[in-house]
Amino acid sequence: MSLNCPHEAENNAEVENNTTVNFPLREIPGSYGKPFFGPLLDRLKYFHFQGKEKYFASRVKKYQSTVFRANMPPGPFISSDSKVVVLLDAKSFPILFDVTKVEKKDVFTGTYVPSTKLTGGYRVLAYLDPSEPNHCKLKQLLFFLFHSRREFIIPEFRTSLCEMFDTLERKVATKGKARFDGLNDKACFNFVCRSFFSTNPADTKLGIRGVPTKILVWILFQISPIASTGLPCFLEEPLFHTCLLPPCLMKQNYKKLYDFFYTYSGWILDEAEKMGIEREEACHNLLFAACFNAFGAMRIFFPILIKWIGCSGVKVHKQLADEIRSAVACHGGNVTVKAIEEMPLLKSAVYEALRIEPPVPFQYATAKKDLVIESHESTFEVKQGELLLGYQPFATKDPKVFDRAEDFVADRFVGVEGEKLLKYVVWSNGPETENTTVENKQCAAKDIVVLVARLLLVELFLRYDTFEVKIHTSPLFPLVTFTSVTKSYDLSLEKQMQ
């Protein structure tokens with residue numbers, strides 16, 4: 001594979017240190033237009049006239065630069081300032097992770113902040129900068145939770161997937177097709193509750209029927225100003241992009257979720273109190289981590305993963321099935337972390353899906369001081385206080401880093417040379433080659449997300465030799481429908497699955 005790799009992105013220079021730069025200093029191109037009308041027009045282009053991809057791509061072409069100024073939704077009415085400096089290449093993008101140079105306070109959703117009434121009146125961990133006192137405590141609490149429950153992740157996830165695939169098979173057999181998203185929603189929420197809180201929601205007052213939908217509506221109330229719903233412009237704009245949805249409409253459903261987590265996370269809340277965190281604040285953060293971060297991420301990424309694997313063809317399916325079954329057989333038929341580590345193609349395929357279609361496409365940060373940011377061709381001066389935006393699908397499909405950047409290449413990260421590219425896989429708000437800590441803003445569950453994505457494919461190819469899907473586009477994630485599954489007739493594997 002022939003690669004044209006850029007200089008290391010970590011070599012960004014700072015104005016205040018008068019660091020010598022290797023590229024000409026260029027004024028950041030682009031403009032914000034007239035007050036009110038500029039942001040409004042850009043919002044209409046972003047959502048309706050062009051769409052996200054063309055919105056960014058047209059400006060790259062116009063300005064001949066992957067760094068430029070633009071307005072980002074929601075703009076007028078909701079946010080007082082929509083002005084951002086856009087970063088769209090693999091070299092400039094990493095500045096968004098360097099918390100010594102940028103601040104991550106209240107930028108989780110970009111140019112606006114949802115009402116804290118949707119999170120119990122608290123600014124939850126996602127909106128905190130590492131410099132804030134509670135950031136360290138709350139992230140450490142999540143680390144404690146994940147570490148304490150690590151032995152339950154694989155068995156509980158496999159149990160949830162087994163139930164899901166049993167239902168999926170029956171639907172394909174009787175109806176000739178099965179929608180993945182609804183089945184996936186139930187499986188993901190069950191997994192989160194069983195693995196981390198030792199509770200099957202179906203056995204509680206909360207139940208399972210309709211709960212994933214209620215969570216998705218709660219998430220929508222937080223992201224509606226920056227979300228595409230697929231509705232016509234004349235409906236979407238006044239309903240979702242012109243004002244915040246009233247949090248009072250979510251009060252009753254949120255209370256039911258809160259009561260569930262408060263009841264079944266007592267031992268974690270006890271630990272939180274030892275760390276100096278109030279029980280109520282800890283519970284609201286656990287709810288957010290479980291429902292928004294964990295469930296929401298799997299709800300988006302699993303259909304993406306199935307889409308790309310499904311469309312990669314029978315040859316890749318056979319290679320994955322052979323690798324997975326061989327590694328599991330070598331470990332006595334047991335699916336373990338060690339067995340998964342011996343599946344290089346599987347690991348690469350998951351990383352490739354995270355690269356080509358990251359579940360969280362945007363990253364924001366505010367410059368703490370005057371900076372000079374490098375792209376592949378130029379350097380740009382950014383002033384203290386300016387808001388930086390990185391759109392990941394452009395940065396992680398940078399043709400100066402990745403050969404065949406727009407193609408899904410399942411074995412892209414296999415081998416020594418492939419592994420060198422992992423530093424450009426940044427779906428987790430940081431490079432895949434770095435670890436999440438209390439000092440950075442990298443996803444606390446980074447390793448767990450990667451593990452369960454691998455487990456999804458392991459379970460899939462232990463059961464099936466190949467499968468076929470139909471893909472329908474939607475504003476937030478692909479809608480995947482299974483149209484056929486070819487079961488494995490390996491008797492040893494059948495016995496292992498029972």
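Colleague: Happy to be looking at this with you! Leaving aside its neighbours within four places in sequence, which residues is Phe-482 in contact with?

Modeller: Welcome! Please keep in mind that this is a predicted model. Phe-482 is one of the residues with the most contacts inside the largest nonpolar core. Setting aside neighbours within four places in sequence, its contacts are Leu-168, Val-172, Gly-176, Lys-177, Ala-178, Phe-180, Ile-306, Leu-460, Phe-467, Glu-468 and Val-469.

Colleague: Which element gives the most to this core?

Modeller: The largest nonpolar core has 123 residues, and Trp-218 and Phe-302 join Phe-482 as those with the most contacts inside it. In soluble globular proteins, nonpolar side chains tend to be buried together. The element that gives the most here, with 17 residues, is helix 10.

Colleague: How many of the 32 residues of helix 10 are buried?

Modeller: Buried means under 20% relative accessible area. Helix 10 is largely enclosed by the rest of the structure, because the residues that count as buried number 26 of the 32.

Colleague: How far apart are the end C-alpha atoms of helix 10?

Modeller: Helix 10 covers residues 279-310, and at 1.5 Å a residue its 32 residues should span 46 Å. The helix also has a kink of about 25°, centred on Ala-289.

Colleague: Which residues are included in the second, separate core?

Modeller: Apart from the largest nonpolar core with its 123 residues, there is a second, separate core of 19 residues. Among its members are Ile-95, Val-102, Phe-380 and Val-382.

Colleague: On strand 7, which residues cover each side?

Modeller: In a regular strand the side chains alternate between the two faces of the sheet. Both faces of strand 7 are covered, and the four residues named here are all buried. One side has Leu-371 and Ile-373, and the other has Val-372 and Glu-374.

Colleague: And in strand 9, what is the bridge partner of Ala-365?

Modeller: Ala-365 belongs to strand 6, on a face that also holds Gln-363 and Ala-367, while Phe-362, Tyr-364 and Thr-366 are on the other, and all are buried. Strand 6 (residues 362-367) and strand 9 (residues 387-391) run antiparallel, joined by five bridges. The partner of Ala-365 is Leu-388.

Colleague: What is the bridge partner of Val-102 in strand 6?

Modeller: Two bridges join strand 4 (residues 102-103) to strand 6, and the strands run antiparallel. Val-102 is also included in the second core. Its partner in strand 6 is Ala-367.

Colleague: Which peptide bond is cis, with omega near 10°?

Modeller: Most residues other than glycine have a negative phi, and most peptide bonds are trans. Pro-74 lies in the loop between strand 2 (67-71) and strand 3 (83-87). The cis bond runs from Pro-73 to Pro-74.

Colleague: Is Gln-64 buried or exposed?

Modeller: Gln-64 lies in the loop between helix 2 (52-63) and strand 2, and its phi is near 50°, a positive value in a residue other than glycine. Exposed means over 50% relative accessible area. With a relative accessible area of 62%, Gln-64 is exposed.

Colleague: What is the relative accessibility of Ser-198?

Modeller: Ser-198 lies in the loop between helix 5 (180-197) and helix 6 (211-223). Its phi is near 50°, a positive value in a residue other than glycine. Ser-198 counts as exposed, with a relative accessibility of 51%.

Colleague: One more, please! What separation is there between the C-alpha atoms of His-472 and Lys-307?

Modeller: His-472 is found in strand 10 (residues 464-472) and counts as partly exposed at 45% relative accessibility. Beyond four places in sequence, His-472 touches Pro-478, Leu-479 and Thr-481. His-472 and Lys-307 are 165 residues apart along the chain, and their C-alpha atoms are separated by 9.8 Å.

Definitions and conventions: Residues are numbered from 1 along each chain as its sequence is written. This is a predicted model: local features need pLDDT of at least 70, side-chain atom pairs count only at pLDDT 80 or more; totals for chains, interfaces and linings use all residues. Side-chain values use heavy atoms; hydrogens and water are left out. The expected span of a helix is 1.5 Å times one less than its number of residues. The bend at a residue is the angle between axes fitted to the seven residues ending there and the seven starting there. Buried means under 20% relative accessible area, exposed over 50%, partly exposed in between (1.4 Å probe, protein chains only). Contact means heavy atoms within 4.5 Å. A nonpolar core is a set of buried Ala, Val, Leu, Ile, Met, Phe, Trp, Tyr and Cys residues joined through side-chain atoms within 4.5 Å. Two strands pair if DSSP finds at least two bridges between them.
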